[in-house]
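Reader: I'm new to this structure and a bit lost. Could you pick one part, the pairing of charged side chains, and take me through it slowly?

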Amino acid sequence: MHWDHYWDLTKALSSFGDANTALGYPEEVLNFWGEVVSEKGESVVYLDLATGKGALAIWLQCLLERKNLSGSVYGCDLANINELKITSDVDEIDSAINKVKFQFNTSVENLPYPNEYFNILVSQFGFEYSNWSHSLNEACRVLKNDGEIILMMHHPDSAITNDCKSGLKVLNWMLENNILNELENLVTLKLQGNIELFQTRNKDAIQKIQSLVISNDEEKFWFADIMSKVSKIMLNIDQTSKAKLSGLQNALKQQVERLSDQTSVALSKDEIYEKFKAAKLKNMKMSIAAFNVNNELFCWQIKISPEKM
C-alpha cells in the first residue's frame, strides 16, 4: 500500500508541509483547532480518524496541556505505521506524542471502540479516503449522543488540489515518456566508455526534457524538484547511478498513486451531500463551509452533529 510506504519514508507528521510549523500545518489551521478545544472545554475525549502519523491528534494533545484542560486524545489509521517513527525535536510535541493513544492497521469502517465513547471525532485530510456508507455510520456509533464530528477535507478547487494536479502532470509526463529509462541507458553508455554516443544521446535527452510545456508556477516547482534529483545523479555517474535512477522512478510512481488518490477524494459540495444522504444516518445534520488560508481556498470544513429534537 503506497500510504504505508509514504509514512515509512517521511519524517513529517503530516502529509503536506508548511516549513514554518513543526506539525506541518498553517497557523490558520492550528488556530481553528485551538478554538475547537477551547469551546469544548473539560473532560473531552477526542478521536482523530485516519490520523496518519498523528499531526492533528498530537496538536489536540498539545492544546489540552496548553489550556490546562483535562481530556484524552486517540488516533487511528489504516496504514501500518511504526509508532517508534513518530518523533519530534520539539519537546512539547514529543511529550504529546507519548500521551496520544494510537491504533494503526485500523479501518475507519470498522472502529475497535465501544459505542458512544467519544465526545468529538475529527479528521484532517483523512476521512474522505474512507468508504462513507460504512465509515459515517461507524463514526456515529462511537460518538456520544451530544457529540460532534469535525472534518477538514480536500476541496476540488483548493490550492492543495491544484498543486496535486500540477504534480501529476509533470510526474506522469516523466514516466510516460520514459525519461528515467533513457537516462539509465545513458549511464550504461558512459560506464562502457562510449563517450561519443553518450554525448549525442545526452543532448537528445536534454531536448526531450525541455519539450515539456510548463503552464504555471506549481508545475515549475515540481519539474525543478525532480530535475534537481536527476542532476545529482547524472553529474556524478558511477556504478550506483542506475540503481539511484531506478529508485527515483519507483518513488515517482508511488507519488503518482498518492496524488491521484488525493485528487480523487476532493469532492464537490453536492458530492459530499450525496454521500452523507447515502449513509442514511438517523437524526444527524451536516454543515459545509469553505476554509481559507491567507485568503486562498484551502479545504472544506464539515460539521456533523445530532439534530435537536
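**Charged partners, up close**

Author: Let's begin with Lys-40, which is partly exposed, with a relative accessible area of 24%. Keep in mind that this is a predicted model. Lys-40 forms a salt bridge with Glu-39, and the closest N and O atoms of the two are 3.6 Å apart. That qualifies because the cut-off for such a pair is 4 Å. Glu-39 itself counts as exposed, at 58% relative accessibility.

The structure holds eight salt bridges. The general idea is simple: side chains of opposite charge can pair when their charged atoms come close.

Next, hop over to helix 5, which covers residues 132-142. Here Arg-141 forms a salt bridge with Glu-138, with 2.7 Å between the closest N and O atoms. Why are these two about one helical turn from each other? Because Arg-141 and Glu-138 are three residues apart in helix 5. Arg-141 is partly exposed, with a relative accessible area of 25%. Glu-138, on the other hand, is at 12%, so it counts as buried.

Helix 9, residues 217-234, has a pair to look at as well. Lys-229 forms a salt bridge with Asp-225, and their closest N and O atoms are 3.4 Å apart. Four residues separate them along helix 9, so they too are about one helical turn apart.

Lys-101 lies over the face of Tyr-74, 5.3 Å from the ring centre. Lys-190 does likewise over the face of Phe-198, at 5.1 Å from the ring centre.

Elsewhere, ring pairs link Phe-32, Trp-33, Phe-125, Phe-291 and Phe-298 into a cluster.

Notes
Residues numbered from 1 in each chain as written. Predicted model: local features only at pLDDT ≥ 70, side-chain atom pairs only at ≥ 80, totals over all residues. Heavy atoms only, no water. Phe/Tyr/Trp six-rings, centres within 6.5 Å; stacked < 30°, edge-to-face > 60°. Lys NZ or Arg CZ within 6 Å of the ring centre and 35° of its normal. Salt bridge = Lys/Arg side-chain N within 4 Å of Asp/Glu carboxyl O. Buried < 20%, exposed > 50% of the residue type's maximum accessible area, 1.4 Å probe, protein only.
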